[in-house]
Amino acid sequence: MADPRDPRPLIGEPLSLDLLNTRWNGGTVQDLLTRQDGYRIWLSSAGLAERCPADDAGLAATTAARDALADLVRAAEEQRTPDPGALNDVLAHGRLRRTLTAAGPVETVEVDSPGWLAAWLAADDYLSLLRQGAHRIKRCAHENCILHFFDTSQNGRRRWCSMAVCGNRAKAARHYEKTAR
C-alpha cells in the first residue's frame, strides 16, 4: 500500500519502474530521492521500509540503481545499444540464494551490506521485466510526462501512465484544437 505522504502521480508499478518514477514532471522535474525523508517515503510505498535501512548508504545505492535503470530505459527508447555496466555493478552487490528446507524451496536475497538491498531488488526486478517482454516497458505518451509503466494490457497498446491524468490532458488538448478552429 502506498504511503499517504507519497506525492508522486504514479505509484504501484513494478519496483524498478516505481524507482524510475521517483522523478516526475510537475511543471518542473521533481525528485523524491533528493533527501532522506523522500527515500523513507519511497521505501514505505514500495513495501521495503521494514527490510531496508533509510540511511545515506541506502539512498546512494538506490539513486545509483535508478540512474542505471534510466540509462538502460533511455537507450531502449532511443533504439541504441545499451551499456549494462552500471546495472551489473548494482547487481554485483547481491545474489539470490536458493535452498531447500523441510517446508520446501526458499529464495533469499543476500547483499554485501543492508544499504544495497533496495537497489539490488529494483535491478533484479528490471531483469524480470525484460524476461516478460522488454517492449512492455514504456514511457508515457504525453509529451510533458517522464513517467514509465509496464504495459500489461492484453494487446500491448497502453499509451498513458494514467488515463485519468495524461490521457485526459491529451484528449482535452485535441478537443480544444478541434473547437478552436
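The protein chain of this predicted model exposes about 10,500 Å². Carbon and sulfur atoms supply 50% of that area. Areas follow the Shrake-Rupley method with a 1.4 Å probe, and for residues only the protein chains shown count as cover. Of the 181 residues, 40% count as buried (under 20% relative accessible area).

Local features need pLDDT of at least 70, and side-chain atom pairs count only at pLDDT 80 or more, whereas totals for chains, interfaces and linings use all residues. Residues are numbered from 1 along each chain as its sequence is written, and side-chain values use heavy atoms, with hydrogens and water left out.

The protein chain holds six helices and six strands. These are DSSP runs, numbered from the N terminus (helices: H or I, at least four residues; strands: E, at least two). Their order along the sequence is α-β-β-α-α-α-β-β-α-β-β-α. Along the principal axes, the C-alpha atoms fill a box of roughly 70 × 35 × 35 Å.

The largest nonpolar core has 44 residues. Such a core is a set of buried Ala, Val, Leu, Ile, Met, Phe, Trp, Tyr and Cys residues joined through side-chain atoms within 4.5 Å. Trp42, Leu48, Leu87 and Cys161 have the most contacts inside it. Two or more residues come from each of α1 (15-20), α2 (36-45), α3 (56-77), α4 (85-91), α5 (117-133) and β6 (148-150). Helix α5 gives the largest share, nine residues.

Leu87 touches Ala68, Leu69, Leu72, Ala123, Tyr126 and Leu127, leaving aside residues up to four places away in sequence. Contact means heavy atoms within 4.5 Å. Among contacts between residues at least 6 apart in sequence, 47% join residues at least 24 apart.

Definitions and conventions: Buried < 20%, exposed > 50% of the residue type's maximum accessible area, 1.4 Å probe, protein only.
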